[in-house]
Amino acid sequence: MRARAIRLRTRLLTHLGADRGMSTAEYAVGTLAAVAFAGLLLKVVTSDPVQKALSGIITRALN
């Protein structure tokens, strides 16, 4: 009987302790990180040197 109770307790603790995804706070932090990265990427891509480089690449590719 005692061994059965120990097995049941172990199974319950294993099941209850399983991390099955992100919590709301983790989603919020992940979303903020994604938005910050998108803002940084937008700033880099819209900078004058990068736009000139991209225009040059596109122009060479089309000619």
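## Surface and burial

Of the 63 residues of the protein chain, 0% count as buried, where buried means under 20% relative accessible area, exposed means over 50%, and partly exposed lies in between (1.4 Å probe, protein chains only).

## Fold and confidence

The protein chain has 3 helices and 0 strands, and from the N terminus on its elements run α-α-α; helices (H or I, at least four residues) and strands (E, at least two) are DSSP runs, numbered from the N terminus.

The average pLDDT of the protein chain is 86, with 87% of the residues scoring at least 70, pLDDT being the predictor's confidence in each residue, from 0 to 100. Confidence is lowest in helix H1 (residues 2–17), at a mean of 77, and highest in H3, at 94. Where pLDDT is low, the predicted coordinates should not be read in detail.

## Nonpolar patch

Phe 37, Leu 40, Leu 41, Val 44, Val 45, Leu 54, Ile 57, Ile 58 and Leu 62 form a nonpolar patch on the surface, and together they have about 890 Å² of accessible area. Patches are made of residues with over 30% relative accessible area and no salt bridge, like charges being joined within 9 Å and nonpolar side chains (Val, Leu, Ile, Met, Phe, Trp, Tyr) within 5 Å.

Helix H2 (24–45) and helix H3 (48–62) each supply at least two residues of the nonpolar patch, and H2 gives the most, with 5 residues. Phe 37, found in helix H2, is exposed, with a relative accessible area of 55%.

## Salt bridge

A search of the whole structure finds 1 salt bridge, defined as a side-chain nitrogen of Lys or Arg within 4 Å of a carboxyl oxygen of Asp or Glu. Asp 48 forms a salt bridge with Lys 52, the closest N and O atoms being 3.4 Å apart. Because Asp 48 and Lys 52 are 4 residues apart in helix H3, about one helical turn separates them. Asp 48 is partly exposed, with a relative accessible area of 48%, whereas Lys 52 counts as exposed at 58% relative accessibility.

## Basis of the values

Residues are numbered from 1 along each chain as its sequence is written, and side-chain values use heavy atoms, with hydrogens and water left out. In this predicted model, local features need pLDDT of at least 70 and side-chain atom pairs count only at pLDDT 80 or more, while totals for chains, interfaces and linings use all residues.

Key: Accessible areas come from the Shrake-Rupley method with a 1.4 Å probe; for residues, only the protein chains shown count as cover.
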